[in-house]
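Colleague: I'd like to learn how to read a model like this one. Could you take me through it feature by feature?

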Amino acid sequence: CPDLCECLEAAKTVKCVNKNLTDLPPDLPPYVRNLFITGSRLTLLPAGAFPAGRLPDLRTLNLSGNHLRAVEAGALAALPALRQLDLSGNPLESLSPQAFGEGGSPLEELVLRGALRNHSVVLSLAAVLQSGALRNLSRLELADNGLLLLPAGMFTALPALRHLDLSNNSLVGLRNVSFQGLGQLQSLNLSENSLGVLRNGTLSQLRSLPALRRVSLGRNAWVCDCAIEDMVAWLKESDQVEGKEALTCAYPDKMVGRALLKINGSDLDCSAPVDLPSQLQTSYVFLGIVLALIGAIFLLVLYLNRKGIKKWMHNIRDACRDHMEGYHYRYEINADPRLTNLSSNSDV
């Protein structure tokens, strides 16, 4: 058993808790299935941190509450039995897309509570998930990270995912988030965020998930205006939302505290347009139609009066020609010295 660690051979568990370790213990017993190295000063998980063949039965690895800033390529590749990984409470700055190796990982549970405060590591995690290296993942916990937005398509390569926890973040919208392909998803936790409304695109995706049984939406800043009508209708018809009776409006002032399930269309102020870009687009289309109609009427008038217009054009042409001939005649007279007196004494 390594120094500063506690080994329980009967439980196949090794615990190195609050021992201020700066490196991983090099002499871990090969029988270990559950390894806890927490509350230490680890800053780096380098390539080959767990040598190949040394820990063939390791299933649970808990590295929470350390000072890990980087997980290098191949750092977790030599753990063929790894099923649960907890990196919570680490100030991660770098997570290599090849951290779990090239051939994929058997990992089923990944816990990253409070470990994604740096935006660059969120993008790195999205790259790992999208690469298909964690296709066996069934539980993903991303709570307590202050996330505002999620990278587009972050969860599209997780066909086995059953539980997704995004609680206690600062999510303001889910327009970039796609739940398509998550046919096994059973629970989705979106509580304690800054969501104002769930749009039709998100609602249709949630409706299409056959296994989804529990959606948590509590403690969000729901904006009760015209845009929330479809969400309210979904809440009334759906049995997926946990504790939906407690969901209340946060804005505007006159709606604060009103239960979403008790809102009717007449309660919402729809006099002001909600979606200004859509309204402008409609106005441009209407203006185009009006201009096209005016143009068609103008062309029709021209066609019906074509003979009169033609006669009018001929008259203008003749008048212009007579006028120009007069100017030409005067020029010839003025240019000829012999006719100068004639032009000055007579009206030509």
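Modeller: Let's start with holes. On a 1 Å grid over the protein atoms alone, a cavity is a set of points where a 1.4 Å probe fits but cannot get out, while a pocket is an open set with protein on both sides within 12 Å along at least five of seven lines; lining residues have an atom within 4 Å of a point. Grid points are joined across faces, edges and corners, and the volume is the space filled by probe spheres set on the points. Here there is one cavity of 30 Å³ or more.
Before we go on, this is a predicted model, where local features need pLDDT of at least 70 and side-chain atom pairs count only at pLDDT 80 or more, while totals for chains, interfaces and linings use all residues. Residues are numbered from 1 along each chain as its sequence is written, and side-chain values use heavy atoms, with hydrogens and water left out.

Colleague: What volume does the largest cavity have, and which residues line it?

Modeller: About 40 Å³. Its lining is made up of L85, L87, L95, F100, L110, L112 and L125. For classes, Ala, Val, Leu, Ile, Met, Phe, Trp, Tyr, Cys and Pro count as nonpolar, Asp, Glu, Lys and Arg as charged, and the others, Gly among them, as polar. On that scheme the cavity lining has seven nonpolar, no polar and no charged residues.

Colleague: And how does the lining of the largest pocket split by class?

Modeller: Five nonpolar, four polar and two charged residues. The largest pocket has a volume of about 160 Å³, and among the residues lining it are L149, R175, N176, R199 and T202.

Colleague: Next, the strands. In what order do they sit in the sheet?

Modeller: Helices (H or I, at least four residues) and strands (E, at least two) are DSSP runs numbered from the N terminus, and two strands pair if DSSP finds at least two bridges between them. In this model 11 strands make an open sheet with mixed pairing, ordered β1-β2-β3-β5-β7-β9-β10-β11-β12-β13-β15. At the edges stand β1 (6-8) and β15 (241-242), each with a single partner strand, so one side of each has no neighbour in the sheet. One to find on screen is S187, whose bridge partner in β13 is R214.

Colleague: Is C1 buried or exposed?

Modeller: Buried means under 20% relative accessible area, exposed over 50%, and partly exposed in between (1.4 Å probe, protein chains only). C1 is exposed at 59%, whereas C7 is partly exposed at 22%.

Colleague: Which cysteine does C5 join?

Modeller: C16, again with S to S 1.9 Å. With 105° about the S-S bond, this link is right-handed. It connects distant parts of the chain, C5 in the segment before β1 and C16 in strand β2 (residues 13-17), 11 residues apart. C5 counts as buried at 15% relative accessibility, and C16 is buried at 0%.
The pair C224 and C249 is also a disulfide, with sulfur atoms 1.9 Å apart. That link is left-handed, with -95° about the S-S bond. C224 lies in the loop between β14 (222-223) and α3 (229-237) and C249 in strand β16 (residues 249-251), so the pair ties together parts 25 residues apart in sequence. Both C224 and C249 are buried.

Colleague: Last one: where does UniProt place the "transmembrane region"?

Modeller: The unreviewed UniProt entry puts it at residues 284-304. UniProt positions are given in the numbering used here, feature names are shortened, and annotations may be inferred rather than shown by experiment. In the model, residues 284-304 are 100% helix and 0% strand, with the end C-alpha atoms 30 Å apart.

How values were computed:
A disulfide is a pair of cysteine sulfur atoms within 2.5 Å.
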